Amino acid sequence: MRATYFQTVFRNYDNSNTTFMVTLNEPCDFAAHGILTCKGKINLYSKGVPLDIEGVYNEYEEIFEVKRCRISTNREEDAYHLIKNITPEITDAKAMQIAKICGGNIFKVTDDLKTREEIEKILDKINQKKRIINKFFSSIEELKKRENLSNFLLSIGVPIDKILFLTNAKVNKEDFVN
């Protein structure tokens, strides 16, 4: 299910169970007015982040039980919203150009030099070019690292308060795997 993170209602820092709300980006029979309350073990997200959510709706509790939740990285529209969330200084038109170049996978910019160069060309004629380009690329790279580390640590049962500490300390997933 495609959704946009709205807010956290409650988070248990001991076991990482979270009740949160999303706005839906696609039709859904069980969501009142396009807002859905969910529960599950999820990463730390800020308002406006596009998500792909998998799970089942519990009619008795009227809540969506999340089995998997990830930042959406396969649709241009979601990449556009993430770009605007991270760097609002980038114009709508330039954000859409970047989303198209990435094919919706905004994390592609951290691994693909050609894509990175194309984005730099798009951002070449903006005010404070160097600062915005640096902010854009460093924010995407940081978001990708946080997402990978957090999802890995959640999968092995690390409590969210420890995950928050480790991500703020700039620890990488490779530090645990190697």
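Helix α4, which covers residues 129-155, has 27 residues and should span 39 Å at 1.5 Å a residue; its end C-alpha atoms are 39 Å apart, so the two agree (the expected span being 1.5 Å times one less than the number of residues). The model here is a predicted one, with local features needing pLDDT of at least 70, side-chain atom pairs counted only at pLDDT 80 or more, and totals for chains, interfaces and linings using all residues. Residues are numbered from 1 along each chain as its sequence is written, and side-chain values use heavy atoms, leaving out hydrogens and water.

Staying with α4, its buried residues include I132, I133, F136, F137 and I140, along with K144 and E147 (buried means under 20% relative accessible area with a 1.4 Å probe, protein chains only). After α4 comes G157, with a positive phi near 85°.

Zooming out, the chain holds 6 helices and 5 strands, where helices are DSSP runs of H or I with at least four residues and strands are runs of E with at least two, numbered from the N terminus. In sequence order the pattern reads β-β-β-β-β-α-α-α-α-α-α. The radius of gyration is 17 Å, close to the 16 Å from the globule rule for 178 residues, so the chain is as compact as a globular protein of that length (the radius is taken over C-alpha atoms, and the rule is 2.2 Å times the number of residues to the power 0.38). Along its principal axes, the C-alpha trace spans about 55 × 40 × 20 Å.

As for burial across the chain, 40% of the 178 residues count as buried.

Technical notes. Buried < 20%, exposed > 50% of the residue type's maximum accessible area, 1.4 Å probe, protein only.
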